[in-house]
Amino acid sequence: MCTAVNYTNGCHLFGRNLDLEINYPVDVVITPHNYVFKMKDGSEIKNHHALIGMGLIQNDYPLYFEAINDAGLGMAGTAFAGLAYYAPVQEGKKNIAPFEFIPYILGQASTVEEARKLLENVNLCDVHFSAEQPNSPLHFLIGDKNESIVVEQTKEKGFRVYDDPYDVLTNCPDFDWQCKNISIYSQLTGQIITPRFAKDAKDIDLYSRGMGSTGLPGGVDSVSRFVRTAFTRLNSFCDPNSIEKNVGEYFHILTNVQQVNGEAEIHPGEYEITQYTSVGDTDSGIFYYTTYYNQNINAVDMKKENLEGSSLISYPVLRDLNVNIQN
């Protein structure tokens, strides 16, 4: 399970929490402009936007979990188990395997509007990277500084593209259901409240600050995380002139829905945790991350690399606890 967020406040930030019981050996992976994406349908994508994000390099191919490009767009896949449907290859469609979807969009689109055009004839097809690596069931968040969309393909509804006014994506149920459910929490506010319990309720003693958020769900399930992240993101306040503060604010938003070891049991004695939190600044090309045991904010600057090259570049993720002692 995961939580992805598109965030604009002076700068544009895009990233996610990766919540899993498996600690994949991911790296920060940079794909320069002239690396050739060889697609399963036999086509190639050459001279594309440069990408940076978390992923696995397999057979010289970047399997991105999420990424941003150097043109201002971000994209992430989050788990959609039980609902994601990958169709057979269809004649007349642009058949994209799920593991190719992030490079296909981020390699060619600069904005959400350009991504929409690429999506018009897409079929997410059931073609695997290899016999040993079947497709993960996913749906996708795509965002730029102005808007974000969600892409889902289910057996019931087919290929769908949704406007996402909350700039958030978690997991199941489907996005349409999540948007209907959030109306239950429409009375919540981050502002000072006046009691409305009854006409003469003004004398009710408010025992705490933050009473406007009473009823905000606190679970680590996907519905609770969707509502809590949307509320936090939409009500967060940060100086738009400070990139550093905005990056810090972004991490705080996602820290609010991180999973602690022991909260979500997958098998007896095995728990899902937030393996990492990542955020890319699409203006600067800097990709930031923390891991479960390394809460220091680490960063890789894609623009310090030769982006005109043709070979993948990777940086190992710093996972170990790193405490800075000040005396």
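Is Asn 59 buried or exposed? Asn 59 counts as exposed, because its relative accessibility is 70%. Here buried means under 20% relative accessible area, exposed over 50% and partly exposed in between, with a 1.4 Å probe and protein chains only.

This is a predicted model, in which local features need pLDDT of at least 70 and side-chain atom pairs count only at pLDDT 80 or more, while totals for chains, interfaces and linings use all residues. Residues are numbered from 1 along each chain as its sequence is written, and side-chain values use heavy atoms, with hydrogens and water left out.

**Backbone**

Most residues other than glycine have a negative phi, and most peptide bonds are trans. Asn 59 is not a glycine, yet has a positive phi of about 50 degrees. Asn 59 sits in the loop between β6 (51-58) and β7. Strands (E, at least two residues) and helices (H or I, at least four) are DSSP runs, numbered from the N terminus. Asp 167 is not a glycine either, and has a positive phi of about 60 degrees. Its place is in the loop between β13 (158-163) and β14. Asp 167 is buried, at 12% relative accessible area. The peptide bond from Cys 172 to Pro 173 is cis, with omega near 0 degrees. Pro 173 lies in the loop between β14 (168-169) and α3 (175-181).

**Salt bridges**

Side chains of opposite charge can pair when their charged atoms come close. A salt bridge is a side-chain nitrogen of Lys or Arg within 4 Å of a carboxyl oxygen of Asp or Glu. The structure holds ten of them.

| Pair | N to O distance |
|---|---|
| Arg 16 and Glu 66 | 2.7 Å |
| Arg 116 and Glu 147 | 3.1 Å |
| Lys 157 and Asp 174 | 2.9 Å |

Arg 16 in strand β2 and Glu 66 in strand β7 are 50 residues apart. Both Arg 16 and Glu 66 are buried.

Arg 116 lies in helix α2 (residues 112-119) and Glu 147 in the loop between β11 and β12 (148-154), so this pair ties together parts 31 residues apart in sequence. Arg 116 is partly exposed at 23% relative accessibility. Glu 147 is partly exposed too, at 27%. Glu 113, Arg 116, Glu 147 and Asp 163 are linked in a network of salt bridges.

Lys 157 is in the loop between β12 and β13, and Asp 174 in the loop between β14 and α3, 17 residues apart. Lys 157 is partly exposed, at 29% relative accessible area. Asp 174 counts as buried, at 13%.

The largest pocket has a volume of about 740 Å³. Of its 29 lining residues, the closest to its centre are Tyr 24, Phe 65, Asn 135, Ser 136 and Leu 138. On a 1 Å grid over the protein atoms alone, a pocket is an open set of points where a 1.4 Å probe fits, with protein on both sides within 12 Å along at least five of seven lines; lining residues have an atom within 4 Å of a point. A volume is the space filled by probe spheres set on the points, which are joined across faces, edges and corners. Strand β2 gives the most to this lining, with four residues.

The second largest pocket has a volume of about 260 Å³. Thirteen residues line this second pocket, and Ile 193, Thr 194, Pro 195, Arg 196 and Met 211 are the closest to its centre.
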